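Colleague: I have not seen this structure before. Please take me through it by question and answer.

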Amino acid sequence: MTDALAAPPPAKPSPYHDLPVLWVRHWTDQLFSFAVQRPEDFRFRSGEFVMIGLPGEDGGKPVLRAYSVASPCWAEELEFFSIKVPDGPLTSRLQKIQAGDRVLMGKKPTGTLVLDALTGGERLHLIGTGTGLAPWLSVARDPDTYARFGRVIVSHTVRNVADLAYRDFFSAGIHDDPLVGEEARAQLTYYPTVTREPFETPGRITERIKSGDYFRDLGIDGGFDPARDRVMLCGSMAMIKETAALLEEFGLREGSNAEPADYVLERAFVG
Ligand SMILES: Cc1cc2nc3c(=O)[nH]c(=O)nc-3n(C[C@H](O)[C@H](O)[C@H](O)COP(=O)(O)OP(=O)(O)OC[C@H]3O[C@@H](n4cnc5c(N)ncnc54)[C@H](O)[C@@H]3O)c2cc1C
Ligand SMILES: NC(=O)c1ccc[n+]([C@@H]2O[C@H](COP(=O)([O-])OP(=O)(O)OC[C@H]3O[C@@H](n4cnc5c(N)ncnc54)[C@H](OP(=O)(O)O)[C@@H]3O)[C@@H](O)[C@H]2O)c1
């Protein structure tokens, strides 16, 4: 037997990138963000999601979960905005990562919260609850968004004011972004709502749409208009279902990558 025959078969390439964590920011005891180094060959469209994970404990299988990429498609680092579920198989451990640690990332981004899945329009409404804000951080930092829509509204509904992660960024920080700052200043409106403590725009986004407050606050006459408005939804399944039903009442139709239309949706978690 020769040495060549005795050699083990070549290892299968891993389906995951193994990436260094660049930074971690904790917003509350339930929410944090982190970034990893972008692999050179990793391409994605703003608004897509990818699998993120950690190696299994005691040599077990890796634990992976879907995560929206919060960075725009041109970014050099990949940012993620995460919940901390105390007994969650992934996030009970992921919430402890620090700069220099490593996380796994799937190689195939996918998703429907992309400009490609919408037909042309004048106003883009990005409606999210909780960590369902993550894809808007990507879409709102993409110059294409402002080239395609004259007005962009980022709506974020959370329980408590402290849960309004990225509030400073959407209120001011994005205006200094080297690529989209000028456009964001002129075209972007940030619309936070809070459900469980007093706030200037209180209540669920669904209630504010139904009452007409959403449109009054934004200076939009007559509600959603299928000829002018395009919508993306991300967050709890209940919010998505209710809002999609409202959009259908206004005459908007759901789109997909294969068949672009007026609105698209993606649950950020079950519940
Ligand atoms: C397409 C898609 C995109 C997603 N993007 C994100 C993202 O960008 N950021 C993010 O934090 N999570 C996101 N999720 C949820 C994520 O995949 C995991 O569920 C989450 O990381 C918790 O993992 P876990 O293993 O700790 O707990 P799991 O066993 O996965 O979840 C336990 C329970 O916690 C609750 N829960 C899970 N995730 C959330 C959440 N994000 N917000 C509120 N409650 C939640 C649900 O009730 C769930 O049943 C996404 C899910 C999908 C399907
Ligand atoms: N964030 C917190 O302060 C907090 C505190 C304790 C525990 N947790 C746990 O963390 C997990 C995630 O909490 P989360 O706050 O990120 O997510 P969440 O429970 O989905 O709530 C996020 C926001 O979405 C709103 N919402 C829920 N259903 C809706 C619907 N059908 N239409 C419109 N809006 C809707 C909620 O309003 P409502 O407030 O009206 O439901 C809330 O403002 C939960 O499993 C929870 O047990 C969170």
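Colleague: Which residues does Leu252 touch, not counting residues up to four places away in sequence?
Modeller: In this predicted model local features need pLDDT of at least 70, side-chain atom pairs count only at pLDDT 80 or more, and totals for chains, interfaces and linings use all residues. Residues are numbered from 1 along each chain as its sequence is written, while chains are lettered from A and ligands numbered from 1 in the order in which they are written. Two residues are in contact if their C-beta atoms, placed from the backbone, lie within 7 Å. On that basis, Leu252 touches Phe224, Pro226, Asp229, Val231, Leu247, Asp262 and Tyr263.

Colleague: Is Leu252 buried or exposed?
Modeller: A residue is buried if 20 or more other C-beta atoms, placed from the backbone, lie within 10 Å of its own, exposed if 12 or fewer, and partly exposed in between. Leu252 sits in the loop between α9 (237-249) and β11 (263-267); helices (H or I, at least four residues) and strands (E, at least two) are DSSP runs, numbered from the N terminus. Leu252 has 20 C-beta neighbours inside 10 Å, so it counts as buried.

Colleague: Where is Leu137 found, and which residues does Leu137 touch, not counting residues up to four places away in sequence?
Modeller: Leu137 belongs to helix α3 (residues 134-139). It is buried because 27 other C-beta atoms lie within 10 Å. Leaving out residues up to four places away in sequence, Leu137 touches Ala70, Phe81 and Tyr166.

Colleague: What separates the C-alpha atoms of Leu137 and Val154?
Modeller: Along the chain, Leu137 and Val154 are 17 residues apart. Between their C-alpha atoms the separation is 9.1 Å.

Colleague: Which element gives the largest share of the shell around ligand 2?
Modeller: A residue is near the ligand if its C-beta atom, placed from the backbone, lies within 6 Å of it. There are 19 residues around ligand 2, of which Thr129, Gly130, Thr195, Ala238 and Met239 come nearest. Two or more residues of the shell are given by each of β8 (151-158), α7 (205-211) and α9. The largest share, three residues, comes from α9.

Colleague: What percentage of the residues of the protein chain count as buried?
Modeller: The protein chain has nine helices and eleven strands. Its radius of gyration, taken over C-alpha atoms, is 20 Å, close to the 18 Å that the globule rule (2.2 Å times the number of residues to the power 0.38) gives for 271 residues, so the chain is as compact as a globular protein of that length. Of the 271 residues, the share that counts as buried is 41%.
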